[in-house]
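Please look at the sequence and the structure before reading on.

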Amino acid sequence: MKILAFESTCDETAAAVVEDGRRVLSDVIASQADMHALYGGVVPEIASRKHVEVIAALAEQALEQAGCARSDIGAVAASYAPGLIGAVLVGWSFAKSAAFGLGVPLIPVHHIRGHIAAGYLAFPELEPPFLALAISGGNTLIVDVRDYTDMAVLGSTRDDAAGECFDKAARVLGLPYPGGRPMDELARQSEGGVYALPHAQVDGAPLDMSFSGLKTAVVNLAHHAAQVGEELDRAALARDFTRAVSDTLVPRTMEAARRTGRRTIVAAGGVAANSFLRADLERTCREAGCRLYLPPLSLCGDNGAMIGAQGYYEYLAGHTAGMELNAYATRDISSPLPSGGAE
């Protein structure tokens, strides 16, 4: 079954054709990163307008690269939540019109479920159950993936997402947006150990996380150095910040694995591209005897192929939608579809 899939939850417009949830026939992305870099972060209205400008052409490009005619498409999938609501609406609305025009089922896909499904594209042998660490600019979750469409959140951030903190810390250090790669590169220039940064604990919820204090600490350090005329060791701060993020994510992931008995762990989302976090996960999983799946960097960020992959399994589970299903800015990854979607 060939699925035409769309992703537009933030600042990438993406379209792809995926066959049977595992084979990528095409995957095209129009990034807006350079545009939003002028403002130091994503401007929602600009992102939405750009999605409108490019999504139709991307759909045509995805079909052409896949060598598919419209009649070859068996279903249309798209992210319907969560994300910047104006941006989500563009992709979801276009997917509705495409499904209606082609006369095929419409499949709503939770954006984070899509990130997790990127592992299926990279590793043909990967199957549930497993534990997923889903870390991106807008979400930070530890998810028990019991089956392809049966998931439970075991831990999550109470405030900022890890990716958002990377972007804000990068901005304070004078690095460009998006901040993940520049922070990674800067951190490699130091061994760190210079700045004492907070490692927050959430009382009564040992698997939950909080990053707002860490973000504030970086801002305060930078402002204090500027006020007293001290030189900020930018590389050391980037390294110590990255270590603090990893020290928050990795132990909680391993504790979740211990509690659930899962021996397979999957990392997903844009922050999973961070080289230090990848190394820490590899070392810790090796020591614990767990099998770790790290997707290639090309599948860590937002893309349409991951939506097509998860869309296939949602379709098999009967999770299709009518034209009345709306887009959502927030939605629990484990929740059933809201009214307007069949289950």
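A charge sits over a ring if NZ of Lys or CZ of Arg is within 6 Å of the ring centre and within 35 degrees of the ring normal. The model discussed here is predicted. In this model, the charged end of R331 sits over the ring of Y328, at 5.5 Å from the ring centre.

**Aromatic pairs and their cluster**
- The count of aromatic pairs comes to 10.
- The pair of Y120 and Y148 is edge-to-face because the planes of the two rings stand at 65 degrees, and an angle over 60 counts as edge-to-face. The ring centres of Y120 and Y148 are 5.1 Å apart.
- Y120 lies in helix α4 (residues 111-122), whereas Y148 lies in the loop between β7 (140-147) and β8 (150-156). The pair thus links distant parts of the chain, 28 residues apart.
- Ring pairs join Y120, F130, Y148, Y312 and Y313 into a cluster.

**Burial of Y120 and Y148**
- Are Y120 and Y148 buried or exposed? Y120 has a relative accessible area of 0% and is buried.
- Y148 has a relative accessible area of 16%, and Y148 is therefore buried, since buried means under 20%.

**The pair of F123 and Y293**
- F123 and Y293 form an edge-to-face aromatic pair, with 4.9 Å from centre to centre and 65 degrees between the planes.
- This pair also links distant parts of the chain, with F123 in the loop between α4 and β6 (130-135) and Y293 in strand β10 (residues 291-293), 170 residues apart.
- Both F123 and Y293 are buried.

Methods
Residues are numbered from 1 along each chain as its sequence is written. This is a predicted model: local features need pLDDT of at least 70, side-chain atom pairs count only at pLDDT 80 or more; totals for chains, interfaces and linings use all residues. Side-chain values use heavy atoms; hydrogens and water are left out. Rings of Phe, Tyr and Trp (its six-membered ring) pair if their centres lie within 6.5 Å; planes under 30 degrees apart count as stacked, over 60 as edge-to-face and the rest as tilted. Helices (H or I, at least four residues) and strands (E, at least two) are DSSP runs, numbered from the N terminus. Buried means under 20% relative accessible area, exposed over 50%, partly exposed in between (1.4 Å probe, protein chains only).
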